[in-house]
Amino acid sequence: MARLSIPLVVLGVQCATTLAFSVSSSAGQAINGIGASGAWWPDDVFKFPDSVRQQVAELLFGQSGAGLTSYRYNVGGGGVGVTNPTRAPQTFYVSPGVYNWSADAAGVYFLQQAAQHNVPQLTAFVNSAPTTMTTNGKNCGGNLNTAQIPTYAKYLADVIAHFRDQGIRFTHVSPMNEPDDTFGTCGQEGMQVTPQQRASVVNALRSALDAQGLQSVGIMADESSSTGNFLPEASQWLPQVNKGALAAVSHHQYGFNNDATVAQLGSVGRSLSGVETWFTEICCFTAASSSQKSNPAAALTYGSAFEPTMVGALQLGQLLYQSFTQAQDAHFDFWTALSSGIGCSPQNNPSCVTTANSAGWNDGLVYYDPSFASNHNTAVYTTKRLFLMKHFANFVWLGSTRFAVSGLPSNVFGLAFKNSASQSTPLGSARASLILMNMGTSATSVTPSQAGLGNFVGGALTSPSTDWQTFGSSSSVSLPALSITTLLFN
């Protein structure tokens with residue numbers, strides 16, 4: 001939250017019930033990134049004072065902030081036809097082989113910040129191709145023109161090669177977004193890419209990247225919005241992708257499906273492609289039942305709500321847990337890192353930034369005043385979601401392997417990770433982490449030695465009363481109500 005953290009003693013709480021649990025010896029998938037996207041908000045925040053822009057970069061990418069290990073840069077199509085100027089990013093494209101590299105200064109600034117902070121996973125993602133490559137000459141409401149697929153692939157490879165020459169190396173590229181939708185309401189960029197086109201896009205892009213010496217850049221697709229779109233269409237395009245052309249099957253989860261359906265998504269994606277599945281976008285969740293809005297473990301649905309507290313953080317934690325344990329995804333990205341969808345006026349009511357409301361949206365980790373242009377309020381406001389992401393980004397090190405945790409009560413979600421190499425942390429060297437999310441309303445405690453992950457060296461806590469607190473080793477650790485705690489082992 002935006003307020004100062006209040007220290008909390010977490011060891012030796014007498015009233016907490018001690019849990020018995022165990023960590024499996026059977027290895028799951030390797031995890032390779034935790035992040036968020038740079039869509040839309042850079043156009044606003046680039047207008048803020050440089051000190052605030054630097055603060056935002058540190059909150060997202062720095063050691064004192066979330067330390068995200070993945071950042072998605074939005075390659076704009078030009079915004080032609082888009083009714084919301086903030087969601088109409090400029091395009092570099094002028095004509096085949098001709099580019100305006102001074103375009104999108106706002107987006108490029110924060111991409112540069114991510115690169116300067118050594119964010120290891122950088123993805124160039126697209127909502128719409130330039131207008132000469134869509135069927136309606138706009139950046140929304142149309143389809144990708146099949147005849148323009150080779151030109152489109154060359155354009156994306158040229159963009160990635162340009163940034164490589166500028167010292168920014170993209171690790172991945174995503175050439176389509178929620179491709180079943182034309183985004184005909186034109187509230188944002190978007191284009192339909194039919195199942196019959198998707199393999200052609202991937203194959204053409206692979207060839208174009210390779211021709212530019214960009215063999216290390218992986219392609220992900222197809223960023224389906226939900227399992228309801230992905231499952232019936234996957235067999236129509238994944239088998240047509242050339243071997244080695246695809247690095248990851250990327251998906252969103254706006255259907256907020258049950259565990260069995262999410263597990264099917266992961267299984268189908270991997271079996272048809274032979275590569276990892278990645279969860280690359282989610283936001284805008286709220287309790288499916290209004291009677292359960294204070295229960296972060298309750299079923300979720302798409303809808304408006306601004307929930308900056310631990311409830312909103314643990315709702316995101318629920319989705320991370322499902323992604324890693326059910327879909328068995330290897331990567332997780334939240335949607336927009338920043339948002340103005342706060343649903344209130346911080347200048348009129350300063351406490352509203354820490355209070356839930358039904359008018360805003362859970363579509364950011366950090367928020368800013370939507371009226372900044374008129375009231376000149378350029379402050380930014382953190383949420384507990386940012387600090388939950390810090391646990392995962394800091395302690396699920398790239399290449400770490402997931403191990404199942406059993407024996408915990410239903411309201412405590414546990415995830416264990418091991419890394420083959422020793423990792424430097426503020427608490428000393430560590431090779432394993434145990435993330436425990438207490439979704440309940442009462443404290444409980446654990447004995448770290450039960451994990452069997454090595455010598456316990458300490459951990460970190462985010463709770464209703466503290467954003468981020470580290471602590472040393474002990475024989476017992478309390479998990480406060482509505483909290484996330486990470487234990488580290490060497």
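Which elements each supply at least two residues of the lining of the largest pocket? Keep that in mind as you go through these close-ups of a predicted model.

Figure 1. Among the parts of the protein, strand β9 (residues 172-174) has the highest confidence, at 99. At the other end of the scale sits strand β1 (residues 17-19), where confidence is lowest, with a mean of 76. Then have a look at residues 1-14, where pLDDT stays under 50. The model does give that stretch 37 contacts beyond four places in sequence. Still, where pLDDT is low, the predicted coordinates should not be read in detail.

**Figure 2. A look into the largest pocket.** Here's the reply to the opening question: α10 (384-395), β21 (412-425) and β25 each supply at least two residues of the lining. Of these, α10 gives the largest share, with 4 residues. The pocket holds about 590 Å³ of space. Sort the lining by class and you get 12 nonpolar, 11 polar and 1 charged.

Figure 3. Find strand β25, which covers residues 466-472, and you'll find Asp-467 in it. Is Asp-467 buried or exposed? Its relative accessible area is 7%, so Asp-467 counts as buried. The side chain of Asp-467 has a polar contact with the side chain of Lys-384, and the distance is 2.8 Å.

**Figure 4. The second largest pocket.** This one has a volume of about 420 Å³. How many residues line the second largest pocket? There are 19 of them, and Trp-40, Phe-183, Gln-188, Tyr-302 and Trp-335 lie nearest its centre. The lining splits into 9 nonpolar, 5 polar and 5 charged residues.

Figure 5. Counting cavities of 30 Å³ or more, the total comes to 1. The largest cavity has a volume of about 70 Å³. Around the largest cavity you'll meet Gly-38, Ala-39, Trp-40, Pro-42, Asp-43, Tyr-73, Asn-74, Pro-89, Asp-104 and Gly-107. By class, the lining of the largest cavity has 5 nonpolar, 3 polar and 2 charged residues.

Figure 6. Arg-53 belongs to helix α2, which runs over residues 50-61. With a relative accessible area of 15%, under the 20% cut-off, Arg-53 is buried. Its side chain reaches the backbone oxygen of Phe-48 at 3.2 Å. Which residues is Arg-53 in contact with, leaving aside its neighbours within four places in sequence? They are Val-45, Phe-46, Phe-48, Tyr-109 and Phe-110.

**Figure 7. Ser-445 meets Leu-479.** Look for Ser-445 in strand β23 (residues 444-446). Ser-445 has a relative accessibility of 3%, so it counts as buried. Along the sequence, Ser-445 and Leu-479 are 34 residues apart. In space, though, their C-alpha atoms are 5.4 Å apart.

Figure 8. What kind of peptide bond joins Ala-221 and Asp-222? It's a cis one, and omega is about 10 degrees. Asp-222 has its place in strand β11 (residues 218-224).

Figure 9. Phi of Cys-186 is near 60 degrees, a positive value in a residue other than glycine. You'll find Cys-186 in the loop between β9 and β10 (191-192), and at 11% relative accessibility it counts as buried. Leu-482 isn't a glycine, yet its phi is positive too, at about 50 degrees. Leu-482 lies in the loop between β26 (477-479) and β27 (483-489). The relative accessible area of Leu-482 is 17%, so Leu-482 is buried.

Terms used. Residues are numbered from 1 along each chain as its sequence is written. This is a predicted model: local features need pLDDT of at least 70, side-chain atom pairs count only at pLDDT 80 or more; totals for chains, interfaces and linings use all residues. Side-chain values use heavy atoms; hydrogens and water are left out. Buried means under 20% relative accessible area, exposed over 50%, partly exposed in between (1.4 Å probe, protein chains only). A polar contact is a pair of N or O atoms within 3.5 Å; within protein, one must be able to donate a hydrogen and the other to accept it, and residues adjacent in sequence count only if both atoms are side-chain atoms. On a 1 Å grid over the protein atoms alone, a cavity is a set of points where a 1.4 Å probe fits but cannot get out, and a pocket is an open set with protein on both sides within 12 Å along at least five of seven lines; lining residues have an atom within 4 Å of a point. Grid points are joined across faces, edges and corners, and a volume is the space filled by probe spheres set on the points. Ala, Val, Leu, Ile, Met, Phe, Trp, Tyr, Cys and Pro count as nonpolar, Asp, Glu, Lys and Arg as charged, and the others, Gly among them, as polar. pLDDT is the predictor's confidence in each residue, from 0 to 100. Contact means heavy atoms within 4.5 Å.
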